[in-house]
Amino acid sequence: MGQRLSGGRSCLDVPGRLLPQPPPPPPPVRRKLALLFAMLCVWLYMFLYSCAGSCAAAPGLLLLGSGSRAAHDPPALVTAPDGTPPRLPFRAPPATPLASGKEMAEGPASPEEQSPEVPDSPSPISSFFSGSGSKQLPQAIIIGVKKGGTRALLEFLRVHPDVRAVGAEPHFFDRSYDKGLAWYRDLMPRTLDGQITMEKTPSYFVTREAPARISAMSKDTKLIVVVRDPVTRAISDYTQTLSKRPDIPTFESLTFKNRTTGLIDTSWSAIQIGIYAKHLEHWLRHFPIRQMLFVSGERLISDPAGELGRVQDFLGLKRIITDKHFYFNKTKGFPCLKKAEGSSRPHCLGKTKGRTHPEIDREVVRRLREFYRPFNLKFYQMTGHDFGWD
């Protein structure tokens with residue numbers, strides 16, 4: 001084989017240490033770090049996977065009565081989904097001289113009553129997963145009544161994992177019907193199989209066109225009406241307006257067309273809304289009574305778990321919301337959630353709820369009770385439930 005090395009060895013007899021050596025094994029510390037990193041990646045993947053459904057069902061941190069996400073932001077000029085030009089938010093027509101006194105007493109709409117122009121956006125995690133659900137038209141709607149307890153009911157219901165509801169009041173069937181069902185659907189939150197989509201707009205109950213419009217969307221829609229003693233409701237309505245417009249006339253002067261004769265002015269919405277039997281007649285032309293649930297606003301305060309049990313049964317939901325979810329706040333005089341949706345901390349309704357009512361002349365209150373009594377009795381007969389207001 002030719003060339004020999006000194007000492008009589010061939011070139012093939014080179015010591016092993018001079019040949020290329022395999023890489024040394026990684027130190028134990030590096031192996032442990034690599035294993036820890038792999039475990040962390042697996043844990044993060046499992047966490048995101050398990051959260052995909054729940055994050056899609058939770059619309060984010062919510063403070064009761066204070067609004068939620070962009071749905072409570074002031075309306076903005078945006079282009080509708082169908083490509084129509086931007087629209088201004090709903091504006092009431094200017095008051096005529098004859099009606100200006102009453103319309104001034106109505107006050108501006110609260111933020112939750114304004115028509116939302118921007119639909120809710122899914123959370124970043126739910127957007128990451130393709131199986132984060134889809135937007136559906138509501139299967140249940142809280143249609144009334146204003147100052148009856150609709151906000152409390154909606155926030156209590158949102159604790160249920162199978163309920164998804166838009167935060168702001170869409171006002172689709174009374175103010176924005178011309179925008180179409182596609183626009184309305186886009187306002188709704190995403191839902192998974194087995195979840196119910198809901199919304200609440202209290203003015204629907206007193207809107208003549210709303211029953212036919214909702215029936216045209218779906219005859220199977222379940223309707224919830226939160227009702228309250230109409231006299232107390234009227235005073236609460238006036239109190240809300242007074243907090244925004246301290247210069248409005250007194251409750252007494254707005255109540256009567258003629259104080260001397262005692263004739264009640266039913267054109268004032270604070271009075272007109274409380275004639276529940278009259279409004280219910282319009283709804284019963286399009287929906288059977290079994291498709292409507294009437295919730296007591298008084299019991300929603302004194303026994304929230306009991307009323308929520310009735311609502312869950314009506315919606316076909318498992319009774320998950322119970323006494324353990326509530327505590328009574330003596331300062332506000334309202335029940336509060338021990339854990340609000342999307343939060344681990346307790347929350348009560350916002351400061352705009354539970355305002356102190358002004359002192360109203362007892363004779364005016366007595367006259368109002370006389371006025372409402374026959375309407376209340378008819379309402380009891382129509383619903384099959386005595387609410388005990390008389």
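## Helix α12 and its neighbours

Let's start inside the fold: the buried residues of helix α12 pack against α4, β6 (222–227), β9 (292–296), α11 (297–302), β10 (326–329) and β11 (334–337). Keep in mind as you look around that this is a predicted model.

Helix α12 itself spans residues 304–314 and is mostly covered, with eight of its 11 residues buried. The buried ones are Pro304, Ala305, Glu307, Leu308, Gly309, Val311, Gln312 and Phe314. After the helix comes Gly316, which has a positive phi, near 75°.

From here, let's step across to one of the packing partners of α12, helix α4. Helix α4 covers residues 150–157, and Thr150 lies in it. Is Thr150 buried or exposed? Thr150 counts as buried because its relative accessibility is 4%, and the cut-off for buried is under 20%. Leaving aside residues up to four places away in sequence, Thr150 touches Ile142, Gly144, Val145, Lys200, Pro202 and Val226.

Arg151 also has its place in helix α4, and Arg151 is buried, with a relative accessible area of 4%.

Finally, a word on confidence. The protein averages a pLDDT of 79, and 66% of the residues score at least 70. Over residues 10–14, pLDDT stays under 50, and the model has four contacts beyond four places in sequence for this stretch. Residues 115–131 also stay under 50 in pLDDT, and for them the model has 42 contacts beyond four places in sequence.

Note on methods: Residues are numbered from 1 along each chain as its sequence is written. This is a predicted model: local features need pLDDT of at least 70, side-chain atom pairs count only at pLDDT 80 or more; totals for chains, interfaces and linings use all residues. Side-chain values use heavy atoms; hydrogens and water are left out. Helices (H or I, at least four residues) and strands (E, at least two) are DSSP runs, numbered from the N terminus. Buried means under 20% relative accessible area, exposed over 50%, partly exposed in between (1.4 Å probe, protein chains only). Contact means heavy atoms within 4.5 Å. pLDDT is the predictor's confidence in each residue, from 0 to 100.
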